[in-house]
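Look at the picture, try each task, then check the solution.

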Amino acid sequence: MNASGVFSWRRFKAVVAKEFVQMRRDRLTFAMLVVMPLMQLVLFGYAINSDPRHLPTAVLSADNSIFSRSVTAAMRNSEYFDILRVVTTRAEAEDLLRTGTAQFVLTIPEDFGTKILRGEKPVLLLEADATDPSATSNAVGAFKEAVRRALDRDLAGAFGNLASSDMAVDLRIHAEYNPEAITQYNIVPGLMGTILTLTLVMITALAITRETERGTMENLLSTPVSPLEVMIGKILPYILVGYIQMTLIMLATRFLFNVPMHGSLVLIYSLSVLFIAANLTIGVTFSTLARNQLQALQMSIFFFMPSMLLTGFMFPFRGMPAWAQVVGSILPLTHYLRLVRGILLKGDGLEQSLTHVWPMALIWLAAVVLGTIFFRRTLD
Amino acid sequence: MNAPQPVIDVRGLTKIFGDKTVVKGLDMRVNQGEIFGFLGPNGSGKTTFIRMLCGLLKPDAGSGTCLGFDIASQNDRIKPHIGYMTQRFSHYEDLTVRENLLFIGRIYGVPDLDRAVAACIERMSLGRYEHQLAGSLSGGWKQRLALSACTLHSPRLLLLDEPTAGVDPGARRDFWDEVHKLAATGVTALITTHYMDEAERCHRLAYIAYGDLLADGTAEELIAQAQLLTYAVSGPGLSPLGERLKELPGVDQVAVFGTNLHVSGRDGEALERSLAPFMAEPLTFRRIPTTLEEVFINLMQQGRKA
């Protein structure tokens, strides 16, 4: 019988087998692990997927031509915009936007109609309060289309000689308060990483603290089992759980939200193992620091917050200040979001994906090292 | 046969939690095949001492060996050969009896595990509960499972921390028979207990109070060392009588034993002088041999004064 050693395959297998049995017995937790991602996805997904219309819009107009009237009419007809009022000063318009009374301000310059007729491409400016980009992105898209159609129709009818493939106006859109607009396709694949982060960190954060709380740790520590065996032994069964969650989310993404999938599923599945393992290991590391399950839970939530906010899931990564980007880049979700979005939306292959893979591997390794160091070999 | 091999041999073992010294420079020697009883009031440092022996706590001072290995640096060598039964049930309540034993057996690398577990279940009469979750067992059966689990890998040293607390007398008897059987095969056992009848079944005893080792030896030696003279008093109105006797010179302790009052003192003459005025009807006074229990109550009082 081999007494010592940092890692013994036999003891490792014993821990894994035990964890599987315990996982199977704990039906409620297992059900939660399966149901929670779906629920979150549906709640998040539909909330974000909602396509708000009738957004309050102010018009700052210095022109009263047929063109400016048909632009505003077309916007109204698109159903995305409700023309709230027509203002005459810049200050008034800005105030409406700042206070949120208006979501959009359309600025029609002086001599708009005349300039169109002269072919001078006047600037048509739409300013959006993009605090919640998903609320405005569809409207912005609709705006371009509505203006183009309205002007084409007008020009084709009365001033056929001016109709051309070019836009008759220069459309400018300013997304205020948030320079990068996130589309909803961006968000649903992102949810996969977010949900995995929440559930996986939490489940293992509880795993070791539960042993401490129930007193079984005292027994475990008196046996020859090593920290590495306990840690990895606890992680392995939950990698499987992570994959079950992933599959459910992928199915929902495809069939519930109709998100296009351009890249290889095999690639996404095989590279996800790093992300899943990294999160599970971070959870284990937390559990070696926490004194009880409540603390472990608090730590996972503490970890979840920056994962939501600083990784590019909620706010565009490049829009964050430098320090936040640094914090973000040590969170595995940042890299996983890029990986998943890259593969699913852009159809990235292995080569492009590798840039996002090695940081995750590094984070995982760091978590393993920290977890092993912090693992209390004694009850001190 | 050579001089007995010490299985536990520690000197000056000390453990400090914050500003509280829980174990103060404890010396202890336990020989192979001995059943060593470890007694003392709650919170006296017994559990802490055991935890230091099996590597669960790092001693702040002192040194020594356990099974011939250094307790500070060779924990990994010690662990495979000890069976530690914790005070609180520390096996998995969501695993069955058999699964718990299999887990422990795999961790220790018990050869031919299936047969070993089957034999263990048979020996401890756990067959009826084999496939029951450990969490659903009663206290006595949990304790049996714990003892099975800590003996499955044939350890050379058993560290049993209050193994029979809250267990019915029949189960306690079975348990001690089991321990004696193991000791007969050369296994050493260090057992903490609060029960006097169990203390009497140990080969040797140590009494620890508030971190200090107050006495160490066989039951007879401890009784002799205490040099107590004891009288048993019976009759009506013992409670108020006890309160009055406590105040008298020469009376070190008064304790109720069933319907009797045991009055003991180290200074025999002073004790008898103090008791003389009370020796009249309806009370009866009888001189009795001092038992372990009086000795321990005495030690506990000394410990508190110290």
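Domain bounds come from an automatic or database domain assignment. This is a predicted model: local features need pLDDT of at least 70, side-chain atom pairs count only at pLDDT 80 or more, and totals for chains, interfaces and linings use all residues. Residues are numbered from 1 along each chain as its sequence is written, with chains lettered from A and ligands numbered from 1 in the order in which they are written.

**Exercise 1.** Find the domains of chain B and the separation of their centres.

*Solution.* Start with the bounds: domain 1 of chain B spans 6–221, and domain 2 spans 229–289. Then take the centres over C-alpha atoms: they are 38 Å apart.

**Exercise 2.** Describe the side of chain A that touches chain B.

*Solution.* Two residues are in contact if their C-beta atoms, placed from the backbone, lie within 7 Å. Chain A gives 25 residues and chain B gives 25 residues. On chain A, α1 (9–25) and α8 (216–221) each supply two or more. Helices here are DSSP runs (H or I, at least four residues), numbered from the N terminus. The top contributor is α1(A), with 8 residues.

**Exercise 3.** Locate the largest nonpolar core, then trace the contacts of B:A189.

*Solution.* A nonpolar core is a set of buried Ala, Val, Leu, Ile, Met, Phe, Trp, Tyr and Cys residues joined through C-beta atoms within 7 Å. Buried means 20 or more other C-beta atoms within 10 Å of a residue's own. The largest core has 152 residues. B:A189 is among those with the most contacts inside it. Beyond four places in sequence, B:A189 touches residues including B:I35, B:F36 and B:L158.

How values were computed:
Buried ≥ 20, exposed ≤ 12 C-beta atoms within 10 Å, placed from the backbone.
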